[in-house]
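Trainee: I am new to this structure. Please show me how to read it, one feature at a time.

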Amino acid sequence: MSKWLEIGCIAALIAMAPIGRVHADTPPNPWEVAKNPQLHGTYEVHVRARERMMETDSLPLGRVDRDKRLEEARAILEEAHAADSPDVRLRFDLGSVYESLNRHKAAATVLEKALAMAPDHPAAEDAWLTLAYAYAHGNEPRKERDAYIKYLTRSTYGSGRVTATLNLAEAEMRLGHMDEAIAGYREAIQLATQVPTASDTGVLAVWGLAVALDRSGDAPGAMAQAKWATEIDHRRVIEDTINVFFVPAYERLWYFGLREMALARGAKGAPEAVLHFQQAESLWAAYVEKAERADPWLPRARAHHDSVHNERVAAEKRIKPGPNKPQDIPRDEITF
């Protein structure tokens with residue numbers, strides 16, 4: 001993507017590395033230590049753990065050496081009983097490390113207590129964002145939404161704010177608040193135009209807006225956004241399985257289904273349209289098969305499947321019979 005510009009069950013959520021910024025902080029002064037002797041040595045622990053955490057900043061998610069450094073930071077913090085430390089910085093550090101190690105429930109437990117203890121600490125801004133990620137992975141959209149709002153009241157600029165705005169829109173959609181979700185996606189798109197490092201987030205916001213419009217009943221608007229998303233997603237960020245996660249995982253199929261529908265309807269000829277309609281039909285069939293029975297979007301997914309099936313049949317009738325006529329795609333090839 002150019003600089004143009006996580007009651008439903010959806011989340012195209014960006015899994016940003018939740019290590020966060022290192023805030024300018026200082027060790028407790030002698031008076032503070034005299035008042036609370038438990039603070040003695042906590043700053044050194046904080047510095048040692050942060051050194052390990054900062055070493056991961058340039059390492060991609062999923063790297064073994066990244067996890068090794070995070071495990072070292074975890075060991076340092078746990079040995080110092082960071083979860084119950086009177087120095088809230090250690091609690092923030094531990095929650096961040098837990099979330100980075102995909103220990104989402106543990107991260108939420110630590111950060112909830114830390115933020116209750118010091119909601120206005122300089123490090124609280126990043127902690128609220130990390131807590132939101134933990135809730136997103138745990139499929140707790142109400143808590144996730146509230147954590148993003150807490151973060152956004154403290155954050156004024158940067159890619160973190162764009163990401164939080166996008167993910168807040170996702171949480172609203174999961175809760176069935178479609179007007180709020182649509183407004184949130186549009187705000188995220190606008191914000192992404194102002195932050196050069198947020199281009200991928202902007203692409204995801206366009207994808208999300210397409211899904212939200214589709215689920216709210218605006219089919220033409222959804223197709224227009226899906227077409228735009230397809231055109232600008234040069235890096236195929238919607239297919240990123242490392243930095244972008246879905247709750248539940250099969251939700252990604254909805255985005256792919258809209259993409260194939262947009263490509264089919266914009267195809268230059270019947271053969272090309274058939275290929276994309278086939279893909280779309282398989283994707284919607286897979287969504288229906290994998291969806292939870294309580295999924296509120298299931299009827300619409302079935303309607304999409306029936307629609308693209310009929311469109312495929314109609315397109316096939318416009319193709320002269322021949323050896324190269326497209327064949328159906330086996331459903332077991334869908335691995336999402």
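Trainee: Does R69 count as buried, partly exposed or exposed, and at what relative accessibility?

Mentor: Start with the terms. Buried means under 20% relative accessible area, exposed over 50%, and partly exposed in between, with a 1.4 Å probe and protein chains only. R69 has 25% relative accessibility, so R69 counts as partly exposed.

Trainee: What should I know about the model itself?

Mentor: This is a predicted model: local features need pLDDT of at least 70, side-chain atom pairs count only at pLDDT 80 or more, and totals for chains, interfaces and linings use all residues. Residues are numbered from 1 along each chain as its sequence is written, and side-chain values use heavy atoms, with hydrogens and water left out.

Trainee: How many helices and strands are in the chain?

Mentor: Helices (H or I, at least four residues) and strands (E, at least two) are DSSP runs, numbered from the N terminus. The chain has 14 helices and two strands. Of its 336 residues, 53% count as buried.

Trainee: Which residue forms a salt bridge with R69?

Mentor: A salt bridge is a side-chain nitrogen of Lys or Arg within 4 Å of a carboxyl oxygen of Asp or Glu. The partner of R69 is E55, with the closest N and O atoms 3.2 Å apart. R69 lies in helix α3 (residues 64-79) and E55 in the loop between α2 (42-54) and α3, so the pair ties together parts that are 14 residues apart in sequence. E55 counts as partly exposed, at 41% relative accessibility.

Trainee: How many salt bridges does a search of the whole structure find?

Mentor: The search finds 24. Take R74 and E78: their closest N and O atoms are 2.5 Å apart. Both lie in helix α3, four residues apart, about one turn of the helix. E78 is partly exposed, with a relative accessible area of 28%.

Trainee: Where do E251 and R215 lie?

Mentor: Their side chains meet in a salt bridge, 2.9 Å from N to O. E251 lies in the loop between β2 (244-245) and α12, and R215 in helix α10 (residues 199-215), so the pair ties together parts 36 residues apart in sequence. E251 counts as buried, at 0% relative accessibility. R215 is buried as well, with a relative accessible area of 7%. Now look at shared partners. Salt bridges join E71, R74, E78 and R103 into one network.

Trainee: How do I describe two packed helices?

Mentor: Give the angle between their axes and the distance between the axes. Axes are lines fitted to C-alpha atoms, for helices over the stretch in contact, and angles run from 0 to 180 degrees between N-to-C directions. Here, the axes of helix α11 (residues 219-232) and helix α12 (residues 252-265) come within 9 Å and cross at roughly 90°. That makes α11 roughly perpendicular to α12. Angles of 65 to 115 degrees count as roughly perpendicular, under 35 as roughly parallel, over 145 as roughly antiparallel and the rest as oblique.

Trainee: Which residues of α11 and α12 make the contact?

Mentor: Contact means heavy atoms within 4.5 Å. From α11 come M223, A226, K227 and T230; from α12 come L258, R259, M261, A262, L263 and R265.

Trainee: Where is D84 found?

Mentor: D84 is in the loop between α3 and α4 (88-100). At 60% relative accessibility, D84 counts as exposed. The C-alpha atoms of D84 and A114 are separated by 8.9 Å, while the two residues are 30 residues apart along the chain.
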